[in-house]
Structures are given as C-alpha cells and as structure tokens.
Amino acid sequence: MHHFAYRDGTLFAEDVSLAAIASEVGTPFYCYSTATLARHYDVLAEAVAPATVCFAVKSNASLAVLKTLSLRGAGADVVSEGELRLALRAGIPASKIVFSGVGKTERELAFALVSGIRQINVESIPELEALSALAQRMGKTAPIAIRVNPDVDAHTHEKISTGGAEHKFGIAFVDALAVCRRAHALPGINFRGLAVHIGSQLTDLAPFRAAFTKLASLVVALRDAGVPVAHLDMGGGLGIPYTAETVPPTPAEYAAMVRETVGHLGCELTFEPGRMLVGNAGVLVSKVIYVKDTGTKTFLVVDAGMNDLIRPAMYAAHHDILTVAEPAPDAQRTPMDVVGPICETGDTFDRNLDLPPMHAGDLIAFCSAGAYGAAMSSTYNGRPLVPEVLVNGDKRCVTRRRPSYDEMVALETLPNWL
Ligand code: LLP
C-alpha cells in the first residue's frame, strides 16, 4: 500500500506531481510520502500494541521522516552516535531509543549513557565488560539486553542474513544463558532482557518463528536460573513486495506469530522495523540523459547512478521502474537496459526492461526506494548527494537540499607542501 499513482497521465506522490517537483529541484531526487509512512507505522503499531516500535534509522535517516514517525509515537533503533544524535534531534524521547550494533565504541556507549536511552543491545562479552566498567566510572547504570544469535537461517540475501552461527552478530545461543547470568550479576549493568535480529527482507514467517521460539526457551531457562527477563527486542521487521509476485505476510499475521511464540512470557516487547515502514514510502526520480542504441542493445542512460541507489549493484535487488508520464495502453514496448552514468558495469538498474518509447529528458521513478536508498548513497564519481523531498497531501518540502560543489570540497585541506 502506497500513495504513488498516475493521475491525468502523470505520476503523483499523494497530491503532488513528481514532474512538478523535478522542475523545481532538478533530478535525481528522492521523494517520500507522509500518508504512506503514517499508514505503515499505524498498521504495524496497532498490530503489535502495546509494544514499542523503534524505527531502524539506518533504513532512512531523513530528519523529516524520523520526525513524521516520531509524532505518531515511534521510537528509534540506532547503530551509531550519529544516528542517536539524529533521533534525539527529531524529538524522539531517549526512553524510546535502543542502540544496536556489533562495534559500538566507548565514546558512543558513553554518549548513550549520558543521553539516558532505553536500552543498549550488547553483542559480545568484551562489549559487556567494557560497558560495565564505563558505566561504573560514569556513576551510571546501563540498561541492556543481550543480543542472542539463534543460529537460524533467515532465507534472505546472504549479505543481509545475520542470525547464523557463522555471522558476527550476537552471542551464540549455546553461550547465551551463561552470558546473561553474568550480565545480571555485573555492576553498572541493568539486565533487562534479550534481543534478536536474524536478517532483513524476510518474506516468510518460518525463520522468525524458529528464532522467537528459541528466544522463548531461553527466557524460561533464565527465569528457572533466577534471572528475571522483562523485555524482549524482536529485531527488524518484515520484507516488502519489491515486485507484485512477492507477497510478504501482513503485520497482523506477523503479530499473531509473535504472540504465539513469546506472548505467554508476559514480556514488554520492542520491534526494530525499518524497511516495512519506509520502503514503499519512497521513490527515486531520475531523468533520461540519452537513449543509446548500440545495435545489439538499447541503453536508457539516466542521471541516477549506483551511488544514489546501490541496492541493485550490491544485492542484485530489483526495483520496479515506472515512467513518470503514464504510457499509452497501446504503446509499443521495447527491451532496454536501464543504466546510470557511473564508470562501472555494475551501475545497471535493470536489464531488458520493456519500456514504451523513451526520449532524453523523460522522467522515470525507481519504486520502493524509501529504505536503504538515500541512506546508503555516496558521492562516488564526484556526484552530489541527491535532494530529499517530503510530500504531505498537496504540500511538499525539500527536506534535504542538494549540496553545492563548494560544499562538497569544504572538508578538504591541501598539505603545506603542495
Ligand atoms: N535491527 C537490526 C539490529 C538490524 O541490523 C536491522 C537491519 C534492522 C533492525 C532493520 O531491519 P529491517 O526492518 O529494515 O529489515 N542494506 C540492506 C539491508 C540491511 C539491513 C541491516 N540491518 C538492503 O538494502 O537490503
């Protein structure tokens, strides 16, 4: 469910024409829909109520998106001091912020303690010991969960699977009981419970069910051992339909599975969804620079590159591509490779995509680009980060402007010998 649709032959975000935004801010740009964000958040929050939904900031770090979600009640899942500062700046209360990640530095942990966040998800024994020592030095108590690695195959792309024994994440399931007991006993540590995250873009409930069932058995074992467990952090959310053929479970089905697996434990629950809240709430709009016919192939060379949307190059991910001008129903379609301007063959968004007649200057939209799109972009090939625009009904705002070339080099210094 999203709010990008054709109206009078042109693609709109809610009540705003994407072509109108393009003529105002230039291309490429990301555009997000408030109504889609709101709906996705509300549907999930209602399904898992009274749990806390902590939006995974890594999926979309736009301050305006964070604030939109925060005003509906969202907390944040952060993985760095930068994300924590952003979440606080968006007005998300510290009491709704959880800090995940395998390599939090002492500086980052200290900032989290000073900020008084809800919970730090600890992923290793050295981190636990460092945090205990740091909290004592600071005269604080660190509220923590132990992130458990349940050794479950998430059946998703290998680069975004995180819950297997071979992965760097969490405490091995077999060691978890002992580590939690230790955490419970350590000074400076308030052991609240457990966390788990087995991977992203999961479109099947079975791996979640397997992981949550193991988590529940650990809660029982801990309580038997006299260690109270009051909180469970269930990790990231469901996958999204990047194509019409993929039909992920609904939030209601997901919530039912959560209740079946851990509901009887009476724990307070936290969720860390990213993609399912913002993925389909964003598009990347780009302009055709050239239509290049090599005799063997037609390339649609567009002004967005892999630096703006790296998912196809990095995960062989698919993003549906729409022409902003609605094609006539009887338009003759020919196969084209949609490519960016970057000097790598990997800078290819789609191959042999059947498109209506295309011309230089035409606009296209990469769908489902709201998650891990702008957030993973870079200035590779000397390209400025692209603007982000938030639409709300018939209102729009450039929430992040395109930097100038001067700003792009502003942090550079030449040594005095040059
Ligand atoms: N919690 C933790 C601890 C995570 O590591 C992640 C994602 C999430 C929550 C949010 O997961 P989600 O609800 O979005 O599935 N760049 C990749 C995805 C990387 C996911 C990393 N961790 C992509 O573009 O597919």
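Modeller: The model is a predicted one. Let us begin with Thr68, whose relative accessibility is 14% and which therefore counts as buried.

Colleague: What makes 14% relative accessibility count as buried for Thr68?

Modeller: The term buried applies under 20% relative accessible area. Thr68 has 14%, so it is classed as buried. This residue lies in helix α3. Leaving aside residues up to four places away in sequence, Thr68 touches Thr34, Leu37 and Leu390.

Colleague: Which residues make the contact between α2 and α3, and how do these helices pack?

Modeller: Helix α2 (residues 34-48) packs against helix α3 (residues 63-71) at about 45°, and their axes are 10 Å apart. From α2, the residues in the contact are Thr34, Leu37 and Tyr41; from α3, they are Val65, Thr68 and Leu69. By class, four of the contact residues are nonpolar, two are polar and none is charged.

Colleague: Why is α2 called oblique to α3?

Modeller: Roughly parallel requires an angle under 35 degrees, and roughly perpendicular begins at 65. The angle here is about 45°. It falls between those two limits, so α2 is oblique to α3. The crossing of this pair is right-handed.

Colleague: Why are α5 and α6 called oblique to each other?

Modeller: Helix α5 (residues 106-115) and helix α6 (residues 125-138) have an angle of about 50° between them, with axes 10 Å apart. This angle also lies between the limits of 35 and 65 degrees, and α5 and α6 are therefore oblique. The crossing of α5 past α6 is right-handed.

Colleague: Which residues of α5 and α6 meet?

Modeller: On the α5 side they are Glu106, Leu109, Ala110, Leu113 and Val114, and on the α6 side Glu127, Leu131, Leu134, Ala135, Arg137 and Met138. This contact comprises eight nonpolar residues, no polar ones and three charged ones.

Colleague: How many helices and strands does the protein chain have, and how do you know that it is as compact as a globular protein of that length?

Modeller: The protein chain has 12 helices and 21 strands.

Colleague: What share of the 418 residues is buried?

Modeller: Buried residues account for 54% of them.

Technical notes: Residues are numbered from 1 along each chain as its sequence is written. This is a predicted model: local features need pLDDT of at least 70, side-chain atom pairs count only at pLDDT 80 or more; totals for chains, interfaces and linings use all residues. Side-chain values use heavy atoms; hydrogens and water are left out. Axes are lines fitted to C-alpha atoms, for helices over the stretch in contact, and angles run from 0 to 180 degrees between N-to-C directions. Helices (H or I, at least four residues) and strands (E, at least two) are DSSP runs, numbered from the N terminus. Angles under 35 degrees count as roughly parallel, over 145 as roughly antiparallel, 65 to 115 as roughly perpendicular and the rest as oblique. A crossing is left-handed if the near helix is turned anticlockwise from the far one by less than a right angle, and right-handed if clockwise. Contact means heavy atoms within 4.5 Å. Ala, Val, Leu, Ile, Met, Phe, Trp, Tyr, Cys and Pro count as nonpolar, Asp, Glu, Lys and Arg as charged, and the others, Gly among them, as polar. Buried means under 20% relative accessible area, exposed over 50%, partly exposed in between (1.4 Å probe, protein chains only).
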